[in-house]
Amino acid sequence: MPTLPKGRLALLACLALPAAAPVPSHANDFATQRGIASYYHPQRFTGRPMANGDRFDPNSNSAAHRTLPFGTVVEVTNLRNGETRTVVIEDRGPFIRGRIIDLSPRIAEELGMRDSGLAAVEVRPISQADQLMEAFNRRPQQMLEVAESLD
């Protein structure tokens, strides 16, 4: 693969970003958050469409967040027991004050919060750079052609 000047590399990064994920509405949307997690009722939500259009599967690693872009991968840590799981933001919510994330029943069970229904958690988005590189790897030739046309 050819090497590019820093200016072209920055341009390629900007071109790839929309393909990787929507831009968050606020700069601190990707900051680590602490708050209360809840989980989807398994019978009430199974098979219903989520905000991204996919159907909810209680055995998935789906999660809902109010502001993180769909497809964002986050680590959720139960602050009481230290258990951590990786989830994908695929829905919007929770819409109850004080809650920051809704989890699938499977993830709630793995985090040890299924019986209580709620848990104090830390939500840490995993680097968006991973998504940027995936987008570049899917369309490198197209991005190189655009960068070269700017000469």
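Student: Which residue is the bridge partner of Ser62 in strand 4?
Tutor: The partner is Val88. This is a predicted model in which local features need pLDDT of at least 70 and side-chain atom pairs count only at pLDDT 80 or more, while totals for chains, interfaces and linings use all residues. Residues are numbered from 1 along each chain as its sequence is written, and side-chain values use heavy atoms, leaving out hydrogens and water.

Student: How many bridges join strand 2 to strand 4, and are they parallel or antiparallel?
Tutor: Strand 2 (residues 62-64) and strand 4 (residues 84-91) run parallel and are joined by three bridges. Strands are DSSP runs of E with at least two residues, helices are runs of H or I with at least four, and both are numbered from the N terminus. Two strands pair if DSSP finds at least two bridges between them.

Student: What about strand 3 and strand 4?
Tutor: Strand 3 (residues 73-78) pairs with strand 4 in the antiparallel sense, over five bridges. Within strand 4, Thr86 stands opposite Glu75. The two strands form a hairpin with five residues between them, and Gly82 in the turn has a positive phi of about 80 degrees.

Student: In what order do the six strands close into a barrel?
Tutor: The order is 1-5-2-4-3-6, with mixed pairing. From one strand to the next, the twist averages 45 degrees (axes are lines fitted to C-alpha atoms, for helices over the stretch in contact, and angles run from 0 to 180 degrees between N-to-C directions).

Student: Which residues have the most contacts inside the largest nonpolar core?
Tutor: They are Val74, Val76, Val87, Ile101, Leu103 and Val121, in a core of 17 residues. Strand 3, strand 4, strand 5 (99-103), helix 3 (105-110) and strand 6 (119-125) each supply at least two residues of this core. A nonpolar core is a set of buried Ala, Val, Leu, Ile, Met, Phe, Trp, Tyr and Cys residues joined through side-chain atoms within 4.5 Å.

Student: A change of topic: how many aromatic pairs are there?
Tutor: The whole structure has two. Tyr40 and Phe45 form an edge-to-face pair, 5.6 Å centre to centre with 75 degrees between the planes. Rings of Phe, Tyr and Trp (its six-membered ring) pair if their centres lie within 6.5 Å; planes under 30 degrees apart count as stacked, over 60 as edge-to-face and the rest as tilted. Tyr40, Phe45 and Phe56 form one aromatic cluster.

Student: Why does Tyr40 count as buried?
Tutor: Tyr40 counts as buried because its relative accessibility is 5%, whereas Phe45, at 27%, is partly exposed. Buried means under 20% relative accessible area, exposed over 50%, and partly exposed in between (1.4 Å probe, protein chains only).
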